Amino acid sequence: MPYGPVLIHAMPYALGPRGGAVPALEPTYHPIAPESPEPSPKPSSLPLGTPSTAASSYPTRLPSPRPPALDARDSLLIPDERGATPFRPAPSLRSSTYSGLQTPEPGYRASWGSSVALGPNEAAIAGAERPSTTRGTSSLRDSLGSPDPQSDDEQGHIAPAAAAAAVAAAAPVDEKAPAWATDAPRRSRKGLCIALGAGGVVLVALAVGLGVGLTRHTKAGNSSAAVQASGSSAASTASGTATATSSSAAPSATATSGGFGSLLTFEDGSTMTYNNAFGGTWVYDAANPFNNEAQCNSWTPALKQNWTWGVDKVYGVNIGGWLNTEPFIVPALYQKYANGTNGQTAVDEYTLSQNMGDNLTTALTEHYETFITERDFAEIASAGLNWVRLPLPHWAIETWPGEPYLERVSWTYFLKAIGWARKYGLRINLDLHTVPGSQNGWNHSGHLGLINWLYGVMGMANAQRSLDYIRTLAQFISQPEYAPVIQLFGFINEPNAGPIGQQNVGSFYREAYETIRAITGIGEGNGAFLSMHDGFLGLTAWNDFLPGADRLALDQHPYLVFQNQPTGSLSDISKLPCSTWANATNTTQQTFGVLNAGEWAAAPNDCGLWVNGVNLGQRYDGTYAGFENSAIGSCDYWNDYTQWNASTKASILFMAQATQDALQSWFYWTWKIGNSTEGNVTEPNPFWHYRLGLQHGWIPADPRDSVGTCVSIGTDLNAFDGTFASAYMTGGPGAGTIAAAQTSSYPWPPKSFTNVASASMSSLPQYTQTATPITMPAATYTSPGSGATISAGSGWFNANDDARSAYAAVSGCTYPSEYFAATSAITAGECGAGLSQPTKRAAAPA
């Protein structure tokens with residue numbers, strides 16, 4: 001939800017040059033009057049938060065939230081040279097939008113973030129092919145700047161996390177794909193055999209191996225490839241599921257648990273005292289790896305107990321940058337592989353993967369193993385949090401020819417995350433963060449550039465693939481082994497409805513909803529709650545969407561800083577979350593139903609390393625394109641948290657508490673950011689780094705302390721009483737009963753795209769439903785003592801969903817490029833054009 005409800009919720013939107021979906025009509029805002037600073041030798045040069053020489057203290061917790069008293073030198077956010085700039089809250093964007101996003105200049109594809117242009121028919125980049133090398137020893141951890149291999153930071157070199165990015169306004173794009181980006185004429189469906197060392201595959205303290213082969217679903221449950229992880233190297237098998245066992249001693253059959261002060265022993269032999277002072281209990285049961293007794297804290301139901309939406313509140317963090325990398329979250333990784341053999345700059349995982357070349361498997365596996373570990377999940381529970389949002393890329397399932405991503409390896413670590421969350425009683429919001437073609441054109445979609453999803457020549461085909469991956473994930477997480485942990489499914493992250501159009505995004509949402517509910521069944525207890533993003537249109541745009549839909553939640557990603565920067569004192573800015581989001585959050589729960597904030601951060605400006613994208617600069621200091629003449633101040637102070645005084649920390653703490661209170665159920669973006677190996681700041685982006693903020697006092701030590709913050713400053717809340725307007729919203733009577741007028745309003749496939757007329761839709765390329773659906777593998781658990789394999793599910797929850805085939809390329813036909821065809825002309829005889837697809841699904845089971 002990008003703006004305050006009175007100002008924008010009913011406003012039309014257009015695609016803005018840098019801020020994504022922005023109001024087509026500018027609202028009028030009153031400027032925030034800056035506070036009067038104390039006399040200073042150079043008052044005009046002081047950025048907000050300049051350290052004071054006076055002694056100051058700040059609370060680590062605010063039991064009675066109130067705006068902090070600021071040091072006078074912290075009072076100004078200096079307006080630009082045009083005078084007092086009216087404050088406009090930014091769109092709900094983590095990423096800036098490429099200027100002229102859908103109308104690139106033809107002729108060449110820019111190397112994003114560099115001055116080197118790639119010719120349209122340039123030769124392949126060395127190493128862009130999918131590597132098949134066995135993972136070996138890597139020095140990546142040392143190269144990423146870990147100060148001490150025995151410290152906590154060896155798992156990720158703590159540093160903040162934040163926004164994604166887009167493209168400089170001058171960067172043109174060529175829609176003729178280079179050779180390495182073109183789909184092969186014939187799609188290969190072979191699995192990738194990945195050899196991993198035992199340390200990368202064995203679940204913590206379990207005699208467990210992970211089968212991570214590419215599995216095609218059949219009634220017999222066979223797989224085309226699998227991985228066996230034992231003592232050292234791995235051996236792949238041609239078919240079947242490989243069972244791997246740990247070389248460690250078999251564990252006892254006795255369940256192990258503990259609370260505050262208990263000793264945790266991790267996979268690598270390191271230990272940690274469980275400092276959960278909130279009544280949390282961890283549970284590890286070797287004899288029953290699906291034991292759901294754990295409880296993260298005293299006020300959150302244990303995993304085996306019911307979660308009550310409207311009563312129970314989500315206090316969560318994102319595990320950003322782990323399984324789906326982002327430059328500003330793991331800068332050292334992108335710095336190490338910054339330049340490709342042809343001068344290409346790594347700006348997203350697509351170009352990063354290409355630049356890694358033959359080191360792709362080794363480098364990314366090392367990243368998966370070290371950036372996030374079980375220790376992080378124990379710390380998250382100890383921080384009073386109860387959920388994690390886990391971004392997952394589509395290449396965790398498979399890749400197609402021409403895609404440079406590392407296929408399937410991240411799935412291994414997704415399975416680890418499920419086990420860690422279960423052990424500490426944390427619930428998971430599974431977030432499908434990327435889809436083929438890119439749903440928003442931003443780097444966190446996997447590919448920075450143009451949207452090729454429900455937009456352009458390949459828009460339909462890419463959406464078809466997306467539905468297959470949503471189906472595969474829904475089948476896996478709906479199994480009884482995983483459903484108690486993964487209780488929310490965000491089936492697509494941040495589709496940019498500005499250029500795509502709400503009608504088409506809504507049609508996809510409806511199709512995805514029906515695909516998932518055909519698997520899970522209807523009503524409370526049948527599969528996860530579903531979460532759909534507001535598409536940057538604002539919450540009220542979806543008020544009347546699919547009434548009667550079963551357990552469909554709305555997701556907002558509110559940020560203040562990805563457009564004109566807030567002006568005024570830091571004290572004023574810290575209150576904005578209450579005045580901007582609190583009322584709308586309550587109103588939406590009263591009208592639409594369940595609402596969560598999948599992303600937010602306590603960021604009063606856009607300062608930071610690559611927060612807006614690799615080498616794109618910041619609005620605050622005028623280095624971002626289009627903001628050269630509206631700089632507010634230097635980012636130096638903001639970038640280095642070690643310079644912050646107590647008053648600055650107290651104001652950011654209050655901003656965090658105000659946001660938590662305003663949004664009520666939320667996921668901070670993000671838990672951890674890796675170190676930088678360049679520049680003067682080792683731990684960048686402190687606004688975005690929850691773990692760092694906990695350590696240094698600008699993130700609440702107890703999220704419950706935030707309740708009441710908005711009331712304390714007189715915000716009109718229109719308070720939600722915890723009871724939703726209709727029982728269907730939470731799976732009660734009426735769930736799944738959607739009026740025919742609603743379903744006909746959002747047809748699938750869509751009648752047109754915003755850049756494809758209805759008369760031309762039948763000429764678009766399509767995939768054909770002739771492939772076997774993909775079934776994802778589970779971890780392999782062995783019973784203590786006997787060594788017998790414990791069933792971890794088949795990967796396919798609903799066998800009645802077998803009849804419908806998955807999408808595949810038409811044999812012998814060459815498709816336009818997945819990522820570079822947004823503005824290409826539709827030609828006669830496109831692959832699969834005009835296909836009448838088989839029946840999509842059976843009726844949803846009761």
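Student: Why does Glu379 count as buried?

Tutor: This is a predicted model, so keep that in mind throughout. Glu379 has a relative accessibility of 15%. Buried means under 20%. Therefore Glu379 counts as buried.

Student: What makes Arg691 and Glu379 a salt bridge?

Tutor: Their closest N and O atoms are 2.6 Å apart. The cut-off is within 4 Å. The value falls inside it, so the pair is a salt bridge. Arg691 lies in helix 14, residues 690-696, and Glu379 in helix 6, residues 374-382. The pair therefore ties together parts that are 312 residues apart in sequence.

Student: Is Arg691 buried or exposed, and how do you know?

Tutor: Its relative accessible area is 4%. That is under 20%, so Arg691 is buried.

Student: How many salt bridges does a search of the whole structure find?

Tutor: The search finds 16. Arg389, Asp431 and Glu599 are linked in a network of salt bridges.

Student: Why is the contact of Arg465 with Glu403 called a salt bridge?

Tutor: The closest N and O atoms are 2.9 Å apart. Within 4 Å is what counts, so the label holds. Arg465 lies in helix 8, residues 459-477. Glu403 lies in the loop between strand 13 (387-392) and helix 7 (409-424). So the pair ties together parts that are 62 residues apart in sequence. Arg465 and Glu403 are both buried.

Student: What makes Arg465 sit over the ring of Trp400?

Tutor: Arg465 lies over the face of Trp400, at 4.1 Å from the ring centre. The distance cut-off is within 6 Å, so 4.1 Å passes. Arg619 lies over the face of Phe627, at 5.6 Å from the ring centre. That distance also passes the 6 Å cut-off.

Student: How do you know that Arg471 forms a salt bridge with Asp801?

Tutor: The closest N and O atoms are 2.7 Å apart. That is within 4 Å, so the pair qualifies. Arg471 is in helix 8, and Asp801 is in the loop between strand 22 (789-790) and strand 23 (806-808). The pair therefore ties together parts that are 330 residues apart in sequence. Both residues, Arg471 and Asp801, are buried.

Student: Now the rings. Why is the pair of Trp411 and Phe414 called tilted?

Tutor: The centres are 4.8 Å apart, with 50° between the planes. Pairing needs centres within 6.5 Å, so Trp411 and Phe414 are a pair. Planes under 30 degrees apart would be stacked, and over 60 edge-to-face. Trp411 and Phe414 are three residues apart in helix 7, about one helical turn. Trp411 is buried, as is Phe414.

Student: What makes Trp600 and Trp666 edge-to-face?

Tutor: Their planes are at 90°, with ring centres 5.7 Å apart. The angle is over 60 degrees, so the pair is edge-to-face. Trp600 and Trp666 are both buried.

Student: Which residues do ring pairs link into a cluster?

Tutor: Phe290, Trp411, Phe414, Phe476, Tyr482 and Tyr781. The structure holds 45 aromatic pairs.

Student: What lines the largest pocket?

Tutor: It has 28 lining residues; Asn306, Gln487, Glu524, Gly525 and Gly527 lie nearest its centre. The lining has twelve nonpolar, twelve polar and four charged residues. The pocket holds about 600 Å³ of space.

Technical notes: Residues are numbered from 1 along each chain as its sequence is written. This is a predicted model: local features need pLDDT of at least 70, side-chain atom pairs count only at pLDDT 80 or more; totals for chains, interfaces and linings use all residues. Side-chain values use heavy atoms; hydrogens and water are left out. A salt bridge is a side-chain nitrogen of Lys or Arg within 4 Å of a carboxyl oxygen of Asp or Glu. Helices (H or I, at least four residues) and strands (E, at least two) are DSSP runs, numbered from the N terminus. Buried means under 20% relative accessible area, exposed over 50%, partly exposed in between (1.4 Å probe, protein chains only). On a 1 Å grid over the protein atoms alone, a cavity is a set of points where a 1.4 Å probe fits but cannot get out, and a pocket is an open set with protein on both sides within 12 Å along at least five of seven lines; lining residues have an atom within 4 Å of a point. Grid points are joined across faces, edges and corners, and a volume is the space filled by probe spheres set on the points. Ala, Val, Leu, Ile, Met, Phe, Trp, Tyr, Cys and Pro count as nonpolar, Asp, Glu, Lys and Arg as charged, and the others, Gly among them, as polar. Rings of Phe, Tyr and Trp (its six-membered ring) pair if their centres lie within 6.5 Å; planes under 30 degrees apart count as stacked, over 60 as edge-to-face and the rest as tilted. A charge sits over a ring if NZ of Lys or CZ of Arg is within 6 Å of the ring centre and within 35 degrees of the ring normal.
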